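Here is my note on the model you sent. Please read the points with the structure open.

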Amino acid sequence: MDGLGSAADPADSGEPVGLGAVGRAVVELQRLLAALGVYDGPIDGEFSAATAAAVQRVQPGAAAVGPALVQQLRERSAVVRADACARAAEAAERAAASYEEIAAVRRGDVEAARGHKIPRPTSLLEEEVAASLLAAARSRLDAAAHWARAAAVDDDRATRLARAREAEA
């Protein structure tokens, strides 16, 4: 006895298993139900209420699971497994193609770098200082443009006032 049943296990005899049954047949049943996505309980070989609920999802009204239902579950599980393998293969092919594209671009970058003398990379701190100096210069230019426009308006206003005074005199 292996803790999951005896030599008279229903898996060997082909007898139906139901609520309360324990053994290898129940382990196989739980694995098949899990593979189909209708059972998420433990694979412990005990035909519990959770196992019975999963059986009801695939075969409404079934009180016990016989060899015919187990065979149907095996076939359905094989189809699900084959579909999952096909999807995994497609995903692997897409990933490999993406990797090859990235590798080709990288190889091109390396070849371009070998053909040109590339200046040493600057540190992040140097880049931050340069960006800060550039921003400060832009700010000063914007301020200068603002004050130039303001001065032009003031000059225009001063010119009009001077003309108005001359006209009054």
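1. Terms first. Helices (H or I, at least four residues) and strands (E, at least two) are DSSP runs, numbered from the N terminus. This is a predicted model: local features need pLDDT of at least 70, side-chain atom pairs count only at pLDDT 80 or more, and totals for chains, interfaces and linings use all residues. Residues are numbered from 1 along each chain as its sequence is written, and side-chain values use heavy atoms, with hydrogens and water left out.

2. Overall layout. The protein chain has five helices and two strands. Their order along the sequence is α-β-α-α-β-α-α.

3. Surface and burial. The protein chain has 169 residues, and 18% of them count as buried. Buried means under 20% relative accessible area, exposed over 50%, partly exposed in between (1.4 Å probe, protein chains only). The accessible surface is about 12300 Å² (Shrake-Rupley method, 1.4 Å probe). Carbon and sulfur atoms hold 59% of that surface.

4. Contacts along the chain. Contact means heavy atoms within 4.5 Å. Among contacts with a separation of 6 or more, 39% join residues 24 or more positions apart.

5. The core. A nonpolar core is a set of buried Ala, Val, Leu, Ile, Met, Phe, Trp, Tyr and Cys residues joined through side-chain atoms within 4.5 Å. The largest one has 19 residues; Val17, Leu29, Leu33, Phe47, Val55, Val65 and Leu73 touch the most other members. Helices H2 (24–35), H3 (49–58) and H4 (67–115) each supply at least two residues of this core. H2 gives the most, with five.

6. Leu29 and Thr51. Not counting residues up to four places away in sequence, Leu29 touches Val17, Phe47, Thr51, Val55, Val65 and Leu73. Thr51 lies in helix H3. Is Thr51 buried or exposed? Thr51 is buried, at 0% relative accessibility. Beyond its neighbours within four places, Thr51 contacts Leu29, Gln30, Leu33, Tyr39 and Glu46.

7. Salt bridges. The rule is a side-chain nitrogen of Lys or Arg within 4 Å of a carboxyl oxygen of Asp or Glu. The count is two. Glu28 pairs with Arg74, with the closest N and O atoms 2.6 Å apart. Glu28 is in H2 and Arg74 in H4, so this pair ties together parts 46 residues apart in sequence. Glu28 is partly exposed at 27%, and Arg74 is partly exposed at 36%.

8. The other pair. Asp83 bridges to Arg87, with the closest N and O atoms 3.2 Å apart. Both residues lie in H4, four residues apart, about one turn of the helix. Asp83 is partly exposed at 38%, whereas Arg87 is exposed at 56%.
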